[in-house]
Amino acid sequence: MTARTRTRSAQSGARAGWRRAALAALLAGAVLLTGCGAGAQSDGTSAEGGQRRADGAPAPMPPDGGGRAAEGDRGEGADGTQDADKGDAVRAPDLVSTFALDVDTASYGYARRTLAAGRLPDPGSVRPEEFVNSFRQDYPRPEGNGFSVTVDGARVASGDGGNWSLMRVGLATRPSSRTAERPPAALTFVVDISGSMAEPGRLDLVKESLGILTDQLRDDDSIALVTFSDEAETRLPMTRLDGNRDRIHEVVASLEPTDSTNVEAGVSTGYDVAVEGRRRGANNRVVLLSDALANTGETEADAILERIGSARKEFGVTLFGVGVGSEYGDQLMERLTNRGDGHTTYVSTPAQARKVFVDQLPAHLELRARDAKAQVAFDRGTVEEFRLVGYENRHVENEDFRDDRVDGGEVGPGHAVTALYAVRLKEGASGHVATATVRWLDPRTRAPREATGSVGAAGIDGDLWAGETPPRLQVSATAAYFAQRLRGAETPGAPRLGDLAERADGLARRTEDASVRQLAESIRSANKLLG
């Protein structure tokens, strides 16, 4: 289907009616939404690391376990995901966990902003994996495309007397240098200019960010600009940077807030412009900058998700969401970017905006992996039960791990993805504990690749808080325990928040990492608010 740019002055009644009908189903969901024994490492360059049938094809994984309790034991939330503190324990033989990779960090950024304002974040907006993935890791990097796989962990003190450890599965891609060759980029910016964006730290921050990025991109890159309030308007069709930077700066500088927030119109028009202006061989991406507080037009998510999904599958257009504002529609932005094979981040200061638009976005325009999924198989001879911390909305059925038609996550250069598991070993257990496998599609050839890593009981037996334990494992544990406390979930070995803040202080000194210092400050703020 050929997409056309919708503007204030040019829309056919038939096309407008079609779009509203198609998107009506989508936005209905948004209102309801209102989130070492170091292991072996492998940089797989072929489909390796899993069991194989006699004919050489990958063997199917065991029946569904996936970190979930038996059907009758699971509690479900309003969105259908399992209850975080009731349904995430699994007993043998259901000892397989499968999920799509996620590099989002918006949940943690928004929680920090909310706590700094003297409020606790909504528990539904707290996604532990995004807290953990907000911090730098120490994983080795592969030489080529794809992933390194690291599995390690440490024992934790548990009030129930169980033999619990915290196991870390770390997946990392090779970074790219600023001088490295990459395909050109075709970026369609969809900018919210509704009345709510007038608040300091919203549209002003977006305009500053776009101005910075305009100067950072290459001459052979292209930019389009769509704005939306109660309606959407194409301010700039797809335009090469070469010779047009002044024009782009003028368009960005002219943006002013007005009217209400019609996210449906903005996203739909943005994807129309992106599809019409797409460039073969380029990285075609929509960048949505908004507080995601939809209140006009179709305000539910399903129709928007359908539009995004079709553009992704047919034209390879991906979505990057940048959230702003003290009030922020986190869950809507999360759903949109998940469907759009992209990721979300959140900015509230010029320094954060510069980090995203100067340090991250230009370097991450190229993908290292498409549809990446991870599967962790625990050894029933040594493992009594496990709990995956977070990733509820990234769950994949175990039998779909090697079904490359099933959507995974898109991962760019220099990313690290961490999954933490609370693992209860059997009494006197020794030997193999778990094998982690990551599977992805080569971004150019779409050929499947796999890499694996494993860990034994000795590799997760040290004391979590001992001096010899890797500090980045301790940072991951601190971030995960903090997130779990904010959403009211119990995790084996979790310290009280006051103690956790002290742990974070010590880690900030040990790592000399300002972001860990900020984590300690956020934990203290939460501790005061929770009493």
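**Helices, strands and salt bridges**

Tutor: Let's begin with helix α6, residues 263–276. It has 14 residues and spans 20 Å from its first C-alpha to its last, close to the 20 Å expected at 1.5 Å a residue. Keep in mind that this is a predicted model.

Student: Is α6 mostly covered or mostly open, and how many of its residues are buried?
Tutor: Mostly covered. In α6, 13 of the 14 residues are buried.

Student: And the whole chain? What share of its residues is buried?
Tutor: Of its 531 residues, 57% count as buried. The chain holds 12 helices and 16 strands.

Student: Which residues sit on which side of β5?
Tutor: One side has A185, L187, F189 and V191. The other has A186, T188, V190 and D192. Both faces are covered.

Student: Which way does β8 run relative to β5, parallel or antiparallel?
Tutor: Parallel. Strand β8, residues 283–290, is joined to β5 by 7 bridges. Look at V191 in the viewer: its bridge partner in β8 is L289.

Student: What about β6, how many bridges there?
Tutor: β5 and β6, residues 222–228, pair over 7 bridges, in the parallel sense. One of the contacts to find is L187, whose bridge partner in β6 is I223. The chain gets from β5 to β6 through helix α4, residues 203–216, and this β-α-β crossover is right-handed.

Student: New topic: charges. How many salt bridges are there in the whole structure?
Tutor: A search finds 25. Side chains of opposite charge can pair when their charged atoms come close.

Student: Show me one. What does D138 pair with?
Tutor: D138 forms a salt bridge with R168, and the closest N and O atoms are 3.5 Å apart. The pair links distant parts of the chain, 30 residues apart: D138 is in the loop between α3 and β3, while R168 is in strand β4.

Student: Is R168 buried or exposed?
Tutor: R168 is buried, because its relative accessible area is 1%, under the 20% cut-off. D138 is partly exposed, at 41%.

Student: What about E199, which residue does its side chain meet?
Tutor: R202, at 3.2 Å from N to O. E199 is partly exposed at 26%, and R202 is buried at 3%. They belong to a network of salt bridges that links R113, E199, R202 and D291.

Student: Last one. Which residues make the nonpolar surface patch of about 220 Å²?
Tutor: L120, L529 and L530. L530 is in helix α12, residues 514–530. At 35% relative accessible area, L530 is partly exposed.

Technical notes: Residues are numbered from 1 along each chain as its sequence is written. This is a predicted model: local features need pLDDT of at least 70, side-chain atom pairs count only at pLDDT 80 or more; totals for chains, interfaces and linings use all residues. Side-chain values use heavy atoms; hydrogens and water are left out. Helices (H or I, at least four residues) and strands (E, at least two) are DSSP runs, numbered from the N terminus. The expected span of a helix is 1.5 Å times one less than its number of residues. Buried means under 20% relative accessible area, exposed over 50%, partly exposed in between (1.4 Å probe, protein chains only). Two strands pair if DSSP finds at least two bridges between them. A crossover is right-handed if, with the strands pointing away from the viewer, the path from the first strand over the helix to the second runs clockwise. Patches are made of residues with over 30% relative accessible area and no salt bridge: like charges are joined within 9 Å, nonpolar side chains (Val, Leu, Ile, Met, Phe, Trp, Tyr) within 5 Å. Accessible areas come from the Shrake-Rupley method with a 1.4 Å probe; for residues, only the protein chains shown count as cover. A salt bridge is a side-chain nitrogen of Lys or Arg within 4 Å of a carboxyl oxygen of Asp or Glu.
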